[in-house]
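Here's a quick briefing to read alongside the model. Have the viewer open and follow along by topic.

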Amino acid sequence: MVLDELADRTVLTTREYATPDRLNARIALYAYQEPRHDLVGSAVRLLHRAPGPVLDVGCGPGHYRAALRVDRPDRAAIACDLSMGMLLVAGSPALVADAAALPVRDASCGAVLAMHMLYHVPDPEAGVAELARVRAPDGTVLLSTNGARDKRRPRDLHDEVVRELTGGPARRHLTRRFNLEDGERMARRHFRTVERIDFVSTIAVPDPEPVVRWLGSMGDAAPALLGEVRARITAIIEREGTFRLDAHAGFLLCR
Ligand SMILES: C[S@@+](CC[C@H](N)C(=O)[O-])C[C@H]1O[C@@H](n2cnc3c(N)ncnc32)[C@H](O)[C@@H]1O
């Protein structure tokens with residue numbers, strides 16, 4: 001059986017998300033985003049009127065929960081993640097728990113977030129069902145993930161290098177495990193209403209490093225392969241001035 005590294009609990013908690021470092025390398029690419037989308041600010045606005053408590057599932061270092069607490073200090077906001085390293089940064093109250101088996105009563109949460117995390121759940125639809133189970137009758141679930149074509153250009157470039165240099169199969173990317181289009185289909189099976197909000201942008205980098213670091217921040221990328229990717233992006237920047245890629249994320253607001 002091939003290990004599905006993108007959803008393996010040990011790989012996720014000891015390598016990918018043992019600390020926020022790899023996630024931060026990924027987020028750094030958005031410094032070159034145009035227009036800039038403030039996903040955390042948008043989530044705060046959308047959830048302003050939601051009742052508490054708030055449960056931020058797969059909270060990572062807790063950016064969403066921190067902003068939600070500033071906006072509505074009257075609501076309890078609980079950090080939840082598989083990784084103890086992430087929860088140490090996110091702060092308390094915190095739950096070490098799996099999105100597919102939340103230790104939370106049915107219909108008990110006024111707002112449930114699952115931001116850019118369902119692609120790591122072995123069965124993403126089981127995760128969606130679990131979020132629906134814990135949502136209070138007047139509560140809201142907010143999911144986010146990337147569209148199927150998000151950052152296609154560097155992903156394709158990386159896969160091309162892997163095939164040419166190793167003859168091996170291309171890497172399985174997060175957006176192929178679970179993307180916005182999959183999420184919308186699944187959410188419609190578990191909620192009465194689903195509103196989709198798209199965030200489309202372009203990222204244009206003037207040097208290859210942010211893209212190489214983004215690719216190197218996922219999985220076990222071999223330095224030789226990343227070196228070749230760097231060389232190809234450098235050649236594109238020499239020709240075109242920047243390396244441009246399309247980014248596409250989205251929210252699903254579910255009730
Ligand atoms: C890409 S990060 C997103 C962090 C945060 N939600 C954000 O958008 O900034 C994914 C997070 O989900 C967590 N995670 C992965 N699988 C999980 C699961 N099955 N249950 C709970 N958390 C999980 C990881 O440890 C990591 O902190």
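**Around the ligand and beyond**

The ligand is surrounded by 20 residues, and the closest are Tyr-17, Gly-58, Gly-60, Ala-99 and His-120. Sorted by class, that shell around the ligand has 12 nonpolar, 6 polar and 2 charged residues. Keep in mind that this is a predicted model. The rest of the briefing covers helix packing and then some backbone details.

**Helix 3 against helix 4**

- Helix 3 (residues 39-46) packs on helix 4 (residues 63-71) with the axes 9 Å apart and an angle of about 45 degrees.
- That angle makes helix 3 oblique to helix 4, because it falls in neither the roughly parallel range (under 35 degrees) nor the roughly perpendicular one (65 to 115).
- As for handedness, helix 3 passes helix 4 in a right-handed crossing.
- Helix 3 brings Val-40, Ala-43 and Val-44 to the contact, while helix 4 supplies His-63, Tyr-64, Ala-67, Leu-68 and Asp-71.
- Split by class, the contact of helix 3 with helix 4 has 6 nonpolar, 1 polar and 1 charged residues.

**Helix 11 on its own**

- Helix 11 (residues 223-240) has 18 residues, so at 1.5 Å a residue it should span 26 Å; the end C-alpha atoms sit 25 Å apart, which agrees.

**Helix 10 against helix 11**

- Helix 10 (residues 209-216) and helix 11 have axes that come within 10 Å and cross at roughly 150 degrees.
- Helix 10 is therefore roughly antiparallel to helix 11, a label that takes an angle over 145 degrees.
- The crossing of helix 10 and helix 11 is right-handed.
- On the helix 10 side you'll find Val-211, Val-212, Leu-215 and Gly-216, and they meet Leu-226, Val-229, Arg-230 and Ile-233 in helix 11.
- The residues of this contact between helix 10 and helix 11 divide into 6 nonpolar, 1 polar and 1 charged.

**Helix 7 against helix 11**

- The axes of helix 7 (residues 152-166) and helix 11 cross at roughly 125 degrees and come within 10 Å.
- That makes helix 7 oblique to helix 11.
- Helix 7 passes helix 11 in a right-handed crossing.
- From helix 7, the contact draws on Leu-157, His-158, Val-161, Val-162 and Leu-165; from helix 11, on Leu-225, Glu-228, Val-229 and Arg-232.
- By class, the contact of helix 7 with helix 11 comes out at 6 nonpolar, 1 polar and 2 charged residues.

**Backbone details to check**

- As background, most peptide bonds are trans, and most residues other than glycine have a negative phi.
- Glu-34 and Pro-35 are joined by a cis peptide bond, with omega about -5 degrees.
- Pro-35 lies in the loop between strand 1 (33-34) and helix 3.
- The peptide bond from Gly-52 to Pro-53 is cis too, and its omega is near -10 degrees.
- Pro-53 belongs to the loop between helix 3 and strand 2 (54-57).
- His-116 has a positive phi, near 45 degrees, in a residue other than glycine.
- You'll find His-116 in the loop between strand 5 (109-115) and helix 6 (124-134).

Technical notes:
Residues numbered from 1 in each chain as written. Predicted model: local features only at pLDDT ≥ 70, side-chain atom pairs only at ≥ 80, totals over all residues. Axes fitted to C-alpha atoms, helices over the stretch in contact; angles between N-to-C directions. Helix = DSSP H or I, 4+ residues; strand = E, 2+ residues; numbered from the N terminus. Left-handed = near helix turned anticlockwise from the far one by under 90°. Contact = placed C-beta atoms within 7 Å. Nonpolar A, V, L, I, M, F, W, Y, C, P; charged D, E, K, R; others polar. Expected span 1.5 Å × (residues − 1). Near = placed C-beta within 6 Å.
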